[in-house]
Amino acid sequence: MSRKILTQAIQKWGEIAQVEMLNEEAIELALAARKWIRKRSEAEFDNLAEEIADVSILIEQMTILYPKLPEKIAQYRTFKLDRLQRRIDESNFEGE
């Protein structure tokens, strides 16, 4: 069901508009995270959750628009999780 809705959104507004929307929602997510850090209220938590939902929906749209994207994401995710594990093991979060 959701894939159909996501595809309809892409068809209605187009590729560039949806990439621009991803950019806008990513900025809103960053701002929501900053507000949550400063003011840990229920309203800020709800806003953070809402912005994460918006970004996740647009990420799904990107995977529809760009079929090679899921594989690339998986590759980078593996790389970054491995690097994170090394940093945890070394207690080093500043560099490689």
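View 1. The model is predicted: local features need pLDDT of at least 70, side-chain atom pairs count only at pLDDT 80 or more, and totals for chains, interfaces and linings use all residues. Residues are numbered from 1 along each chain as its sequence is written, and side-chain values use heavy atoms, with hydrogens and water left out.

**View 2. Crossing of helices α1 and α2.** Helix α1 spans residues 2-13 and helix α2 residues 15-38. Their axes (lines fitted to C-alpha atoms over the stretch in contact, with angles from 0 to 180 degrees between N-to-C directions) come within 6 Å and cross at roughly 115°. The two helices are therefore roughly perpendicular to each other (65 to 115 degrees; under 35 is roughly parallel, over 145 roughly antiparallel and the rest oblique). On the α1 side, the contact (heavy atoms within 4.5 Å) is made by Ala 9, Ile 10 and Trp 13; α2 contributes Glu 15, Ala 17 and Gln 18. By class, this contact of α1 with α2 has 4 nonpolar, 1 polar and 1 charged residues (Ala, Val, Leu, Ile, Met, Phe, Trp, Tyr, Cys and Pro count as nonpolar, Asp, Glu, Lys and Arg as charged, the others, Gly among them, as polar).

**View 3. Crossing of helices α1 and α3.** The axes of α1 and α3 come within 10 Å, and the crossing angle is roughly 75°. These helices are therefore roughly perpendicular to each other. From α1, the contact is made by Ser 2, Arg 3, Leu 6, Thr 7, Ala 9 and Ile 10. Helix α3 supplies Ile 57, Glu 60, Gln 61, Ile 64 and Leu 65. The residues of the contact of α1 with α3 comprise 6 nonpolar, 3 polar and 2 charged.

**View 4. Packing of helices α2 and α3.** Helix α3 covers residues 42-65. It packs against α2 at an angle of about 155°, with the axes 9 Å apart. The angle makes α2 roughly antiparallel to α3. Their contact divides into 16 nonpolar, 3 polar and 7 charged residues. Ala 49 lies in helix α3 and, at 39% relative accessibility, counts as partly exposed. Between the C-alpha atoms of Ala 49 and Leu 29, which are 20 residues apart along the chain, the separation is 8.9 Å.

View 5. Ile 73 lies in helix α4, which comprises residues 69-90. With a relative accessible area of 37%, Ile 73 is partly exposed. Its C-alpha atom is separated by 9.5 Å from that of Thr 63, 10 residues away along the chain. Ser 91 is found in the segment after α4 and counts as exposed at 62% relative accessibility. The C-alpha atoms of Ser 91 and Lys 68, 23 residues apart along the chain, are separated by 34 Å. Among the elements of the protein, α4 has the lowest mean pLDDT (95) and α2 the highest (98), where pLDDT is the predictor's confidence in each residue, from 0 to 100. The protein averages a pLDDT of 94, and 95% of the residues score at least 70.

Definitions and conventions. Helices (H or I, at least four residues) and strands (E, at least two) are DSSP runs, numbered from the N terminus. Buried means under 20% relative accessible area, exposed over 50%, partly exposed in between (1.4 Å probe, protein chains only).
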